[in-house]
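Biologist: Could you walk me through this model and the terms used for it? I would like each label set against its cut-off.

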Amino acid sequence: MKKKEFIKRVRIFSKPFRITDGKEFRLKHIDPEDTLHLKSEDKPKAQEALKNGVELLTQLQDKLYAQDRWSVLLIFQAMDAAGKDGAIKHVMSGINPQGCQVFSFKAPTSEDLDHDYLWRCMKHLPERGRIGIFNRSYYEETLIVRIHKEILDKQKLPEKLVTKHIWDERFQDIRNFEKYLTRNGTIVRKFFLHISKDEQKKRFLERIDNPEKNWKFSSADAKERGHWNEYMKAYEDMIRNTATKESPWYVVPADNKWFTRLVVAAAVIDALASLDLRYPEVGEEKLKELTEAKNLLQ
């Protein structure tokens, strides 16, 4: 299958979950179990499509790196056990490590807390020619910080700045920040892996029952389930307020990992393909230099 035809076909999997205007968005409209027209017996075909997609991503990323004009920022947000790590691992498996950087953002350090909340993420923005991946991000400032007010108290903000409008102000800051990135050649794509509460419970129990997965589980993860409804409201509010045409959200059904990875791969391929990437053209002086080098080697 020709490259252009393949790109067109995989776009079918990402387009239904792309949110560019959050005004009408409701989280309940996305079913975590959705696999579009694919059934469980189609899983091998989906995995084959993912394999082909990874090969194409390898080619696109090589051109991105060589062209050295654009950079790509991929942001992953989700409840625990939704499959962020697995999606990143499988989708980006063919990418040259020199052209890809992954950063995970845990609890902020004392140094982080002495700066504005965007600071620690801004330090790790991708260079031109590279793909940067944020496993969680500055969006935590509108999620866990919103639900656990004691975290906000630790941020040392002047008291008069902590008002009832703080979350709307942070959404505005983030929209402006992402617009700034876009205007400077950084393509932003954001993924919310939407897992159901039942599927999360199933995966938690698997981590507890399987000794090889015990290390993945934390009792704190289970405690956060008690705030499930609050988190869903916060995620919905986040997407409604920060989904734009330039930096869209993809709300990806996450109950079936094989489908999640296919959708993420399709979205990343679509983003890179939109840049019209190509290898730099070599001028006459360089061609002359190459000819001289070839003659010398022969």
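**Labels and their cut-offs**

Modeller: Val282, Leu287 and Leu290 make a nonpolar surface patch of about 250 Å². This is a predicted model, in which local features need pLDDT of at least 70, side-chain atom pairs count only at pLDDT 80 or more, and totals for chains, interfaces and linings use all residues. Residues are numbered from 1 along each chain as its sequence is written, and side-chain values use heavy atoms, with hydrogens and water left out.

Biologist: Why is Leu287 called partly exposed?

Modeller: Buried means under 20% relative accessible area, exposed over 50%, and partly exposed in between (1.4 Å probe, protein chains only). Leu287 has 45% relative accessibility, so it counts as partly exposed.

Biologist: And what makes Asp112 buried?

Modeller: Its relative accessible area is 12%, so Asp112 is buried. Leaving aside neighbours within four places in sequence, Asp112 is in contact with Trp119 and Arg120 (contact means heavy atoms within 4.5 Å).

Biologist: Which residues of helix 1 are buried?

Modeller: Phe6, Ile7, Val10, Phe13 and Ser14 are the buried residues of helix 1. Helices are DSSP runs of H or I with at least four residues, and strands are runs of E with at least two, numbered from the N terminus.

Conventions. Patch = residues over 30% accessible without salt bridge, like charges linked within 9 Å, V, L, I, M, F, W, Y side chains within 5 Å. Areas by Shrake-Rupley, 256 points an atom, 1.4 Å probe, with all protein chains shown as cover. Salt bridge = Lys/Arg side-chain N within 4 Å of Asp/Glu carboxyl O.
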